[in-house]
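Hello,

Have a look at it first, then read on.

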Amino acid sequence: MPAEQHRRAAALALWAAVTLGCTREVAAGLDEPDANRGVVALARAGVDAEKEVDPTSEGRFRLVVGRDEATLAISVLAGEEIPRPKAPAIAQGSSLVTSPEADRAARIAATAAQLERSLASIDGVHDARVHLDVPVVDPLGAALAGDGKSLHPTASVLLRHRGAASPIADAEIKKLVAGAVSGLAAADVAVVVVPIAAAAKAGDREIAHVGPIAVTRGSLGTLKLVLAGSLGLLLLLSVAVLTLAGRLRRSREAPEPAA
């Protein structure tokens, strides 16, 4: 029995090694929105990914893909900017009471961030950048100038989308941004729309055949590893069966003890 238990343990260890060796971690420390975007982006590129809890960071996630698809997955995630770069924090100064200028700058930055999230939530939009220029209007200075010209807010939007056509018209973008800033006219919103190239599928996604089994070329190495592990398990089982058969034969051939 101890020998049989050792064989079972060896078989389980071999199977675990084969299974763990087939996957690779391509991203870690992601918040849930970034992890979900990563799974969708990889699926769009033909890569199967699993979202798992990151054991090294509480409340964070990681993405795991097949070992042979790790290079393609890393390229796709880099193209999608996952994880997304965080906006730099606005310096608040050392005083406990914030100045009116700092408070105003924080409100403008928060408005721009909300507009970016609204635009990025549209299906087909990869990401958006919104820049707001809201000058301080001095009524007294404008009245003394007497030229009838005064500073007014302006905005610029950079929107990157998937596919050939933009999922939202420029006029709708201008209306959305102008409605979020007091005194901003739609005509003063500049919009730049740029399509991004689709994630190209690598050549190793082509189909290869191993006997009757058809897999992608990128998974060919993994399949060979799994087949080798299965063959090893069969060999262990064969050795166990032969050992048991030999013991049974010897027990039958042994002379019976005299009465």
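The buried residues of helix H3 pack against strand S1, helix H2 and strand S3. Those residues are Ala70, Leu72, Ala73, Val76 and Leu77. Here, buried means under 20% relative accessible area, exposed means over 50%, and partly exposed lies in between (1.4 Å probe, protein chains only). Viewed along the axis of H3, the buried residues fall within an arc of 160°, so they line one face of the helix; the arc is taken from the directions that run from the helix axis to the C-beta atoms. Thr71 and Ala78 are exposed and sit on the face of H3 turned away from its buried side. Just after H3, Glu81 has a positive phi of about 55°.

Before going further, please keep in mind that this is a predicted model: local features need pLDDT of at least 70 and side-chain atom pairs count only at pLDDT 80 or more, while totals for chains, interfaces and linings use all residues. Residues are numbered from 1 along each chain as its sequence is written, and side-chain values use heavy atoms, with hydrogens and water left out. Helices (H or I, at least four residues) and strands (E, at least two) are DSSP runs, numbered from the N terminus.

Three strands form an open sheet in the order S1-S3-S2, with antiparallel pairing; two strands pair if DSSP finds at least two bridges between them. S1 (23-30) and S2 (49-53) are at the edges with a single partner strand each, so one side of each has no neighbour in the sheet. Neighbouring strands are turned by 25° against each other on average, direction ignored. S1 and S3 (residues 61-66) are joined by five bridges, and Glu25 stands opposite Val64 in S3. H2 (residues 32-44) packs on the sheet and touches S1, S2 and S3, its direction making about 20° with that of S3. H3 touches S1 and S3, at about 25° to the direction of S1. Axes are lines fitted to C-alpha atoms, for helices over the stretch in contact, and angles run from 0 to 180 degrees between N-to-C directions.

Next, a residue in the loop between H3 (70-79) and helix H4: Glu80. Is Glu80 buried or exposed? Glu80 is buried, with a relative accessible area of 11%. Its side chain makes a polar contact with the side chain of Arg162 at 3.2 Å (N or O atoms within 3.5 Å; within protein, one must be able to donate a hydrogen and the other to accept it, and residues adjacent in sequence count only if both atoms are side-chain atoms). Neighbours within four places in sequence aside, Glu80 is in contact (heavy atoms within 4.5 Å) with Ala41, Arg44, His126 and Arg162.

Best wishes
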